[in-house]
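Open the model in your viewer and keep the sequence panel beside it. The stops below say what to select and what is there.

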Amino acid sequence: MTVQASSVRDLEADAGMKALLPGAQFADAFRIAVNDDALTARQAAERMFLRLPRWIGGLMKLRNLVVAPLGLKTPSHAKTIAADSIGPFPVISETPQRLVAGFDDRHLDFRVIVDVTGSLPDRQVTATTLVMTHNLLGRVYLATIMPFHRIIVPAMLRQV
């Protein structure tokens, strides 16, 4: 499969996505073209989360060290494949075209949605992130990670 790195596009999250996390204050989406007509949403998500570039893995370890004393969840980014999770995130719902993963925590609720649409030559994978913050800690955390998020998600999509 060939993917052009320049094909990652920043999109506005589809308004219908917000129904997957009612009340979300943050939503974004990134899309990449792929040359794999048989690719499912789970396969795309596995490639995104289980083939992390080293620098992302290092950032996630640093994040976990910094937030653990604050009582925030520190999911392991171990390379695991299970029917009920994708990387560190529990799977909430799944079809061949869409995988929804994420969790609810006291500071924020988070969803990542991986959609696979179209057929060759217009096959695409879209990663949408939704976040609903609950308190000041959630808002500060979101503001802190946002610059990294906007670099990490496109890099993860390139792994597809």
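**Stop one: Asp-115**

Select Asp-115, which counts as buried because its relative accessibility is 9% (buried means under 20% relative accessible area, exposed over 50%, partly exposed in between, with a 1.4 Å probe and protein chains only). This is a predicted model, in which local features need pLDDT of at least 70, side-chain atom pairs count only at pLDDT 80 or more, and totals for chains, interfaces and linings use all residues. Residues are numbered from 1 along each chain as its sequence is written, and side-chain values use heavy atoms, with hydrogens and water left out.

Asp-115 belongs to strand β7, residues 108-117 (helices, H or I of at least four residues, and strands, E of at least two, are DSSP runs numbered from the N terminus). Arg-98 lies in strand β6 and Asp-115 in strand β7, so the pair ties together parts 17 residues apart in sequence. Arg-98 counts as partly exposed, because its relative accessibility is 30%.

Now show what else surrounds Asp-115. Leaving aside neighbours within four places in sequence, its contacts include Met-17, Gln-124 and Thr-126 (contact means heavy atoms within 4.5 Å).

**Stop two: Arg-111 and Asp-104**

Select these two side chains next; Arg-111 and Asp-104 form a salt bridge of 2.9 Å, N to O. Is Arg-111 buried or exposed? Arg-111 counts as buried, at 10% relative accessibility, while Asp-104 is partly exposed at 44% relative accessible area.

**Stop three: helix α1**

Select residues 41-50, which make up helix α1; 9 of its 10 residues are buried. Among the buried ones are Arg-42, Glu-46 and Arg-47. Show Asp-36 as well: its side chain meets that of Arg-47 in a salt bridge (3.7 Å, N to O). Asp-36 sits in the loop between β2 (26-33) and α1, 11 residues from Arg-47, and both residues are buried. The whole structure has 6 salt bridges.

**Stop four: Arg-106**

Move to Arg-106, in the loop between β6 (98-104) and β7. Arg-106 is exposed, with a relative accessible area of 57%. Select Asn-135 too: the C-alpha atoms of Arg-106 and Asn-135 are 8.2 Å apart, with 29 residues separating them along the chain.

How values were computed: Salt bridge = Lys/Arg side-chain N within 4 Å of Asp/Glu carboxyl O.
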